[in-house]
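Hello,

Here is the structure I promised to pass on to you. Have a look at it first, and then read my notes below.

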Amino acid sequence: MATFPTFSRTVEWEMEESIEDSSVKSTLESGHIHSRPKFTRDRKLWNGVTYKNLNATDRTAFLSFLVEVRGTSTTFTWNCPIDSTNYVVRFLQIPSLSRLIPGYYQLSFGVMEE
Amino acid sequence: MKTLSAASIVEKNRLSSPYPWLILLDIAFPNNTTYLVRNTDIVSFKGNDYTPFPFEIEFGKETSAGDIPTVTLRVSNVTRVIQNIIELSDGLIDFDVIIHIVNHHYLSDDYSDLDLHLTVMSCTCDESWVTFNLGLENPLQKRFPKLRYFRDYCNWKFKSIECGYGGSIEICKRNFSDCKNPKRFGGFKGLAATNIRYV
């Protein structure tokens, strides 16, 4: 299984951490909500994971990794910067890699636990 | 009336519960039975490990027109795993599918009253889903009488027990001239060659 590459820059502090909402709900006439989870585990979500000022080497490493995992098609191991735990995740969407100035890039993406 | 254990009934009647009700699927493929669960993790039930797999079940409407109710089962076909088995086994027609509905917290309870034992009536595949039309056999569509009387057409399926042929030939035209085991020919040579004979 592919592993998310290590870059020359550290990840930005700001990011969103949540879980997938897999609940089933029915609202009763009285206003009560009849609810239960659909699955035994709620998968974690991370959004807004951002790296700034990545250099050309980082860019090449990331693009190679993106080709290896075929975008959102396959899963990979990712070390969550919040709790330093390895998770098997996949990209929520194709990550965006934008050029800030010549030679420096910004990467942002969201991932979901498998 | 369907019966459940007291704990399951309490769980069912809760306004909110942390324990999910899961749908488990036993599909009897030709050489083995595949156990699938619509869940994020593996579930062990009655000694079998149910693999997480994407599938959806749609229960048909019951009408007063005498239609036999059917269930539509859609199983993910993204990896073509199921389709391969289907193509090797003539569309899985007449194979058995069992649907279990269980509570994850009380897996050791008896849920047999909630089980649905169904048969594959038809099957279609596209790039995303394998769709099984499940139901019970319609007695009005069964052949009666079971055997028909033809002069030169064998009733027996080639290489079946009734046919009795165990050789290497793979094709039989099921007529007397092509019969590989004429002693067991499943036609009725005594019937007239033309027209219908009433016996």
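**Where the two chains meet**

Between chain A and chain B, the count is one salt bridge. It joins the side chains of Arg41(A) and Asp41(B), with 2.9 Å from N to O. On the side of chain A that touches chain B, the residues by class are four nonpolar, four polar and four charged. Please keep in mind that this is a predicted model.

Twelve residues of chain A are in contact with 15 residues of chain B. Together the two chains bury an area of about 1,100 Å² between them, and carbon and sulfur atoms give 56% of that area. The rule also finds seven residue pairs in polar contact across this interface, with both residues at pLDDT 80 or more.

**The cysteines**

How many disulfides are there over all chains? The count comes to zero by the rule used here. Cys125(B) shows why: its closest cysteine sulfur, in Cys123(B), is 4.4 Å away, which is too far for a bond, given that a disulfide needs the two sulfur atoms within 2.5 Å. Cys154(B) is in no disulfide either, as the nearest cysteine sulfur, in Cys179(B), lies 5.9 Å away.

Enjoy exploring, and write back whenever you like.

Best wishes

Technical notes: Residues are numbered from 1 along each chain as its sequence is written. Chains are lettered from A and ligands numbered from 1 in the order in which they are written. This is a predicted model: local features need pLDDT of at least 70, side-chain atom pairs count only at pLDDT 80 or more; totals for chains, interfaces and linings use all residues. Side-chain values use heavy atoms; hydrogens and water are left out. Contact means heavy atoms within 4.5 Å. Buried area is the accessible area (1.4 Å probe) that two parts lose on being put together, summed over both. A salt bridge is a side-chain nitrogen of Lys or Arg within 4 Å of a carboxyl oxygen of Asp or Glu. A polar contact is a pair of N or O atoms within 3.5 Å; within protein, one must be able to donate a hydrogen and the other to accept it, and residues adjacent in sequence count only if both atoms are side-chain atoms. Ala, Val, Leu, Ile, Met, Phe, Trp, Tyr, Cys and Pro count as nonpolar, Asp, Glu, Lys and Arg as charged, and the others, Gly among them, as polar.
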